[in-house]
Amino acid sequence: MGIEQLDVLDVVSLRNNASEVVLTIADFRDWSEEKDEHLRLLYEKLFFYIDTFSSDDLVNAYPLAAGKPVVVSVVFRVPPIPDALRLIARCQKYVGDAGTFEWRVFSGEVDPSDGSEEPSARTRSEMERRVASPKSGRI
């Protein structure tokens, strides 16, 4: 999984009492080298996700996604460069109300209550408070 596998949904999950479908892109790459290649891979992965939720493919593969709003969450291992954030913002503009895009830098925190890698409620609320910070954002 990761942005190198362009035709794979890295993580599909539900949140907010199963009222939203979250499609997570795991970006493990560093921005210090090959920025153009990294941006190209991110671009292709984002548009694979857009194609998936804009068609029947998502609901066919995950029937629980039917009728729910879609959030594409890009989780970076290292803070993204400005061009990456502009790319995510362009994707949001492209899809309009059909989906929501957000991003964050993975903190390494795992909710110990259930062992999942989904952020704990405490971590989620911290992320919501830091939307304008350089560590996370909702476009």
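How are α1 and α3 oriented relative to each other, roughly parallel or roughly antiparallel? In this predicted model, the axes of the two helices cross at roughly 20°; angles under 35 degrees count as roughly parallel, and α1 and α3 are therefore roughly parallel to each other. The mean pLDDT of the protein is 83, but confidence is lowest in helix α4, at a mean of 40.

**Helix packing**
- Helix α1 covers residues 35-54 and helix α3 covers residues 82-95, and their axes come within 11 Å.
- The crossing of α1 and α3 has right-handed sense.
- On the α1 side, the contact is made by Leu39, Leu42, Tyr43, Leu46, Phe47, Ile50 and Phe53.
- On the α3 side, Asp83, Ala84, Leu87, Ile88, Cys91, Tyr94 and Val95 take part.
- Sorted by class, this contact of α1 with α3 has 13 nonpolar residues, one charged residue and no polar ones.

**Strand pairing**
- Strands β1 (residues 11-15) and β2 (residues 20-27) run antiparallel and are joined by five bridges.
- Ser13 has Val22 in β2 as its bridge partner.
- The two strands, β1 and β2, form a hairpin with four residues between them.
- Asn16, in the turn of this hairpin, has a positive phi of about 55°.

**Confidence**
- Of the protein's residues, 78% reach a pLDDT of 70 or more.
- Confidence is highest in strand β3 (residues 70-76), at a mean of 97.
- Helix α4, where confidence is lowest, spans residues 121-129.
- Over residues 112-134 pLDDT stays under 50, and the model has 23 contacts beyond four places in sequence for them.

Definitions and conventions:
Residues numbered from 1 in each chain as written. Predicted model: local features only at pLDDT ≥ 70, side-chain atom pairs only at ≥ 80, totals over all residues. Heavy atoms only, no water. Axes fitted to C-alpha atoms, helices over the stretch in contact; angles between N-to-C directions. Parallel < 35°, antiparallel > 145°, perpendicular 65-115°, else oblique. Left-handed = near helix turned anticlockwise from the far one by under 90°. Contact = heavy atoms within 4.5 Å. Nonpolar A, V, L, I, M, F, W, Y, C, P; charged D, E, K, R; others polar. Pairing = 2+ DSSP bridges. pLDDT = per-residue confidence, 0-100.
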